[in-house]
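Dear colleague,

Please find below the structure I promised to hand over. My notes on what was found in it follow directly after.

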Amino acid sequence: MKKILFCTLAVSLLLSNNVMAQKKQEVPKGKGPVVRKGPATIIGAWTLSYLEGGDINKLFPDKKPIIAIDPKKILISGFNGCNTFSGKIKIEANKITFLGPIQQTLKACNGNGEQKFMDALNTVKSFALSDNEKLDLIAGDRGAMQFTRAEKSKSNSGNKPNRIK
């Protein structure tokens, strides 16, 4: 009888410790950034594929805008079609907060693509990530911008150019 009681007590103690350990590992929903290192992450470089109210092929005929998000440095940076920019950000769950104004270089630009891009970026309050390939930046209840994951540049595989003798 004592053996059965002791075994029952030991098993229930082990089970309760296991449940407590699992509870300590749980992260409450809505807390913390969606920046895990797994397959779906906002970290990295993204190329503009949609801008609300504009045809990106006409607004940016030469080079599409790119953003890079680095939550470890609390930074968003990129190219807006004419100038480079950067700013401090805070990411919590699917919310983005800009911590101060976004700084940019002041090169003279043709057209109004750069201004439309920056205006849209400044309205963003949240994001949605799908299939680790599309990033929607959302202003209120509408998608203001959409990006696709930028391809990593291909190196010349270490080959040195031929020298002329």
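**The nonpolar core**

The largest nonpolar core has 28 residues, and those touching the most other members are Ile67, Phe117, Leu121, Leu135, Leu137, Met145 and Phe147. At least two residues of this core come from each of β1 (44–51), α2, β2, β4, β5 (95–98), α3 (113–121), β8 (134–139) and β9 (142–149). The most is given by α3, which supplies 4 residues. Please bear in mind throughout that this is a predicted model.

Leucine 121 deserves a separate entry. Apart from its neighbours within four places in sequence, leucine 121 is in contact with Ile76, Phe85, Phe98, Ile102, Leu137 and Met145.

**The cavity**

How many cavities of 30 Å³ or more are there? The count comes to 1. The volume of the largest cavity is about 30 Å³. Its lining consists of Ile76, Ile89, Ile96, Phe98, Leu121, Val124 and Leu137.

Strand β2 (residues 66–70) pairs with strand β3 (residues 75–79) in the antiparallel sense, over 5 bridges. Within this pairing, isoleucine 66 has phenylalanine 79 as its bridge partner in β3. The hairpin of β2 and β3 has 4 residues between the strands, and there isoleucine 74 takes a positive phi near 55°.

Strand β3 also pairs with strand β4 (residues 84–92), again in the antiparallel sense and over 5 bridges. Phenylalanine 79 has threonine 84 as its bridge partner in β4. In the hairpin of β3 and β4, with 4 residues between the strands, glycine 81 takes a positive phi near 105°.

**Asparagine 57**

Asparagine 57 lies in helix α2 (residues 56–59). Is this residue buried or exposed? Asparagine 57 counts as exposed because its relative accessibility is 51%, and the cut-off for exposed is over 50%. The side chain of asparagine 57 is joined to that of lysine 64 by a polar contact of 3.4 Å. Asparagine 57 and glycine 113 are 56 residues apart in sequence, and their C-alpha atoms are 9.9 Å apart in space.

Yours sincerely

Methods. Residues are numbered from 1 along each chain as its sequence is written. This is a predicted model: local features need pLDDT of at least 70, side-chain atom pairs count only at pLDDT 80 or more; totals for chains, interfaces and linings use all residues. Side-chain values use heavy atoms; hydrogens and water are left out. Two strands pair if DSSP finds at least two bridges between them. Buried means under 20% relative accessible area, exposed over 50%, partly exposed in between (1.4 Å probe, protein chains only). A polar contact is a pair of N or O atoms within 3.5 Å; within protein, one must be able to donate a hydrogen and the other to accept it, and residues adjacent in sequence count only if both atoms are side-chain atoms. A nonpolar core is a set of buried Ala, Val, Leu, Ile, Met, Phe, Trp, Tyr and Cys residues joined through side-chain atoms within 4.5 Å. Contact means heavy atoms within 4.5 Å. On a 1 Å grid over the protein atoms alone, a cavity is a set of points where a 1.4 Å probe fits but cannot get out, and a pocket is an open set with protein on both sides within 12 Å along at least five of seven lines; lining residues have an atom within 4 Å of a point. Grid points are joined across faces, edges and corners, and a volume is the space filled by probe spheres set on the points.
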